[in-house]
Amino acid sequence: MTTITADRAPMAGMKVYHLKLGMWVFLLSEVMFFTGLIGSYVILRFAHPEAFGVPGEVLNVPLTAFNTFVLICSSVTMVKAFAAIEQNDQEGLQKWLLATILLGAFFVGVQAWEYTLLASEGFVPMAESYHAIARGAAEGSEVIGGPLYGATFYTMTGFHGAHVSIGVFCLCFTLYRARKGAYTAGNLGGVEIMGLYWHFVDLVWILLFTIVYLI
Amino acid sequence: MSTTEKDIASAVDAGGQHDHHEIPWIRKYVFATDHKMIAKQFMFVSLFFLVVGGALAGMMRFQLGFPGQPMPGAGILPDAMMAPTPNGAIMLPEFYNSLVTMHGTIMIFFAIMPLLVGLFGNLLIPLQIGAEDMAFPRLNMASFWLAVPAGMLMLASFAVEGGAAGAGWTSYAPLSTSGEWTGVYLGQQLWLVSLTILGFSSLIGAVNYITTVINLRAPGMTWFRIPLATWSLFVTAVLILLAIPILAGALIMLLFDQTIGTGFFRPEVGGEPLLWQHLFWFFGHPEVYILILPAMGITSEVLSNRARKPIFGYHSMVLALISIGFLGWIVWGHHMFQSGMNPLLGTSFMISTMAIAVPSAIKTFNWLGTLWKADIHFDVPMLHALSFVSMFIIGGLSGIFMASTPVDIYIHDTYFIVAHLHYVLFGGSLFAIFAGITYWFPKMFGRMMNEPLGKVHFVLTFIFYNLVFFPMHNLGLQGMMRRIYDFTQYDFLQPLQPMNQFITLFAFALITTQLLFVFNFFWSIFKGEKAGNNPWKSNTLEWTVPSPPPHGNFAEMPTVFRGPYEYSSPESDDDFLPQTTPPREGPGPSSGVPEPTPTPEGAEA
Amino acid sequence: MTWSDWSWVLPEAFSTFSDDVDMIYYVILWVTGIIFVITEGVLIYFLVRYRHKEGRKATYDHGSSKLEIVWTTATLVVCLALGIVSKGVWDTMKIDVPEGAMEIIVTAQQFEWHVTYPGPDGALGTADDFEVLNQIHAAVDEPVWIHLRATDVLHSLFLPEMRVKQDAVPGKDIPVWFEATATGEYTIGCAELCGIGHTTMNGTLTIHTAADFQAWATAQAQRPRPRP
Amino acid sequence: METGEEHKSPPYMIVFVVLAVLTVAEVLFALLFTGLPKFWMGVGLIFMAVWKAVLVAMYYMHLRFEPKRLWILAASPIPLAIILVVVVIREF
């Protein structure tokens with residue numbers, strides 16, 4: 001550093017424009033946020049296996065598997081929207097964004113429905129009123145899992161659901177801007193970072209689904 | 001959590017436009033997007049919280065110096081804090097617990113951290129790397145305006161039923177999970193909500209800093225030409241980015257435990273109190289470095305400048321910063337040696353903790369090396385920076401006692417810990433903050449701070465500070481526990497009464513001395529001697545622009561030719577050589593340097 | 001206040017491992033003390049020697065890789081040596097509970113220590129167990145194995161003269177042991193913030209001779225008490 | 001719809017098919033092989049899930065087409081996440 005170099009070329013930085021770099025950096029913190037939540041679930045379940053039931057007995061795995069498929073579809077439509085604006089296809093952008101919004105909203109709706117069903121079966125986060133019995137079993141059957149099960153399940157999936165909901169709101173904003181012609185092939189940062197966020201939420205769900213519903 | 005989407009989206013082109021049209025008053029001083037104004041906003045707010053935190057400490061010290069005696073003037077406080085007696089008001093134990101908790105919380109989260117990261121991060125990063133502003137100016141504004149309601153909620157908790165949070169700044173579960181254990185219901189929840197909001201504020205600040213440092217450097221500003229202050233703030237931002245979300249997750253789980261009755265940390269329904277401690281300290285140890293790394297950066301800057309000598313071992317300084325940043329993630333268990341943690345884990349955490357002493361030692365030795373054969377000017381910032389070094393030596397060495405697990409058994413949770421952490425946080429961070437404020441004051445306000453007054457403030461602070469905190473080591477060695485309301489309940493601690501009184505009296509003196517700084521600060525803003533662009537004859541980019549710098553900072557994009565610490569270089573007639581000075585005559589082929597082609601945006605996509 | 005208050009000497013301790021703990025403390029005190037004197041001495045010397053004078057110019061020097069390597073290695077060696085010395089004592093204190101120790105249960109609860117003794121049959125969990133409040137009694141030169149428990153929040157059993165400190169965690173049974181080497185009355189304290197009455201949560205540790213302890217235990221076991 | 005014009009964009013539809021197939025495979029694996037030891041069940045499922053996650057990151061988030069430095073940045077929190085979980089699990 002003492003010698004003076006002739007290297008006076010402008011700094012290239014990350015070779016990634018600000019907005020995208022900022023979104024990536026933000027997503028790193030999201031990784032840590034979900035690490036805290038999922039990690040707590042893994043640790044608590046490891047420490048107290050008896051407090052957690054076999055997911056298939058309490059949770060509705062087929063329904064959520066279908067919901068997972070919906071979220072993966074929404075990732076495809078999102079990436080299609082991005083591919084469309086890369087070709088400067090305004091109509092395609094709006095069409096695919098709308099599809100993503102609908103799929104995302106559908107996902108949240110199914111999750112809300114699932115919550116209602118589970119809660120009515122006594123699978124609640126509140127420790128003192130937790131009383132989940134096996135799916136289809138007669139009244140008075142053995143309680144599956146314990147209060148930690150309900151608490152960790154709702155916290156993890158709930159925060160993921162909140163992320164999807166926020167994503168849907170932001171997608172609506174992106175669609176609004178797209179309809180006003182804010183994005184072009186040369187100016188698609190808004191669409192790209194929206195996509196990064198959306199795919200990240202999808203990625204988290206892929207891991208959550210496996211850890212919470214299948215293992 | 002990602003409402004930032006919109007902010008990012010709308011902030012995209014704000015950086016590029018700085019026309020000379022008049023900015024409305026409210027956009028200039030209140031909802032400002034200029035990084036220098038946001039830095040000043042953070043400074044005023046967190047200096048206010050520094051005063052609040054100091055007042056809380058003063059009350060705590062009164063109780064310890066004069067246990068059970070009526071506190072003069074405390075009659076104005078409500079009966080929930082002070083029990084009225086015929087002779088005056090006596091502090092209640094639950095209020096003492098709140099004081100302990102809130103002093104720690106306010107000092108760490110609302111004073112030191114925003115001063116180091118909010119003030120110096122905002123002020124220095126764009127100026128030192130040659131950027132016209134942060135990458136996302138409006139996000140930056142949002143960061144400040146999230147911190148303000150967080151602070152207000154924290155203060156409001158004193159006024160609610162049951163008082164402010166009283167489970168310690170670490171809020172160990174299960175004490176913190178229910179008001180049943182502490183008598184504090186709403187206060188504890190406000191504490192959690194406030195810290196969650198503040199965490200989000202720090203987080204978006206960190207996103208901004210990282211993007212700015214990576215993408216907005218001026219031409220020629222390679223990674224190893226970045227001044228150490230900016231380097232340290234960059235590493236700090238990475239720590240904030242990755243640590244705060246863990247805290248946020250834990251805070252939310254604890255909030256659920258309190259409000260809707262989940263059982264994450266409640267053992268009576270199968271939860272794990274130790275999980276809280278692990279999550280808290282997994283955040284908490286990086287947090288400790290968040291509070292000291294920027295102080296190290298500021299010290300390096302001031303030390304090299306006032307010693308008129310290049311910093312000793314610039315590269316190893318940077319590597320030490322990075323390795324502290326990484327090692328900080330694998331030592332959190334040393335806060336938990338006596339917590340009931342698996343003792344085998346204790347051994348591994350002890351070894352990793354011993355390893356983290358190494359980069360800290362490297363930095364200290366390098367500062368000493370910088371002073372060797374230097375030309376030392378004893379200005380006020382330099383005095384504070386030097387006391388940072390000497391106090392950090394004490395704080396670092398006393399840390400080794402805790403790192404050794406068997407010794408920690410005895411001194412854990414005693415005043416030895418209190419002494420150690422104040423040597424690092426007050427002797428370290430706060431002295432560096434004083435150094436930084438006096439050093440960059442001319443850049444912020446265009447005037448110098450008063451030198452004689454500053455020296456008086458320094459000398460008195462240095463003496464009183466040591467008289468307050470050094471004896472705490474001895475209290476701890478005699479076995480005095482921390483966070484106890486009335487140590488005279490223990491027979492074996494009663495002989496420590498005179499020592500405690502001694503500490504209390506000098507604590508009052510220390511607090512009073514700070515009035516000198518407050519006076520100097522405000523007086524100098526209006527009446528201080530006018531400073532030029534570069535009063536300290538410094539090399540770094542912020543001193544090439546007017547004081548205070550205009551909106552957009554640099555009239556034209558600066559080009560950087562060398563490292564930041566070329567003091568007393570034989571190449572220069574003076575004893576400094578700014579980073580922007582073109583080489584006098586380039587060696588051989590590089591003499592025909594092409595004209596720089598500055599691109600205002602780092603964007604290439 | 002007297003000069004003795006500024007002491008860096010640890011108060012006297014009376015357990016089998018307290019000498020080892022204190023020894024490590026004094027080793028660290030000497031090592032850090034020497035480093036402290038050297039570094040602060042060098043700092044002050046440099047400040048005086050290289051203070052600004054008219055015409056002085058600092059040496060243009062960017063450091064020395066050789067020195068960096070030397071002090072990095074030296075620090076690493078010293079720190080790891082201290083770590084290795086500490087490990088043995090740590091294992092003795094926290095992991096290797098000696099065999100044949102008298103087992104008692106200490107249950108911490110806001111703001112009391114409930115100490116359960118095995119009673120005449122020498123086994124815990126039987127009907128003849130008896131409980132005392134805020135007192136631990138033990139015989140000199142005999143190891144005591146405390147099952148440390150808590151019912152509500154975290155507490156921390158602090159026996160300063162035995163160099164024992166251990167948090168009590170609800171839901172856990174944490175082994176704590178010590179063997180006193182002198183008879184007398186010592187302190188029991190709580191070192192973890194546990195609520196409003198934290199400061200009053202103290203008690204007495206009494207170390208008897210073996211005969212006295214037997215007498216005390218017999219008397220306690222025969223003392224009539226209401227059973228739940 | 002897919003046209004020859006899109007030959008330059010990544011194989012989004014192929015990735016989608018792989019993701020869908022893996023999801024079905026996961027569910028079947030979990031529901032049919034209930035006799036498998038818990039450990040191997042977990043390993044198999046995690047393996048498939050991580051593969052899916054990597055596909056999303058690589059193709060949908062375009063990580064494959066980004067500079068190496070962004071790649072390193074994106075991977076940086078993963079060791080920390082593993083450290084946290086692995087160390088705290090040893091506690092119990």
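Biologist: How much area do chain D and chain B bury between them?

Modeller: Buried area is the accessible area (1.4 Å probe) that two parts lose on being put together, summed over both. Chain D and chain B bury about 1,200 Å² in this way, with 78% on carbon and sulfur atoms. D:Leu80, D:Leu84 and D:Glu91 supply 44% of the area that chain D buries against chain B. Keep in mind that this is a predicted model, where local features need pLDDT of at least 70 and side-chain atom pairs count only at pLDDT 80 or more, while totals for chains, interfaces and linings use all residues. Residues are numbered from 1 along each chain as its sequence is written, chains are lettered from A in the order in which they are written, and side-chain values use heavy atoms, leaving out hydrogens and water.

Biologist: How many residues of chain D are in contact with chain B?

Modeller: Contact means heavy atoms within 4.5 Å. Nine residues of chain D touch 18 residues of chain B.

Biologist: And how many residues does the contact take from chain B and from chain C?

Modeller: Chain B gives 98 residues and chain C gives 83. Between them about 8,000 Å² is buried, 70% of it from carbon and sulfur atoms. On the chain B side, B:Phe401, B:Ile409 and B:Tyr410 lose the most area to chain C, together 8% of what that side buries.

Biologist: Which residue forms a salt bridge with B:Lys309?

Modeller: A salt bridge is a side-chain nitrogen of Lys or Arg within 4 Å of a carboxyl oxygen of Asp or Glu. Here the partner is C:Asp61, with the closest N and O atoms 4.0 Å apart. The rule finds one salt bridge across the interface of chain B and chain C, and zero between chain D and chain B.
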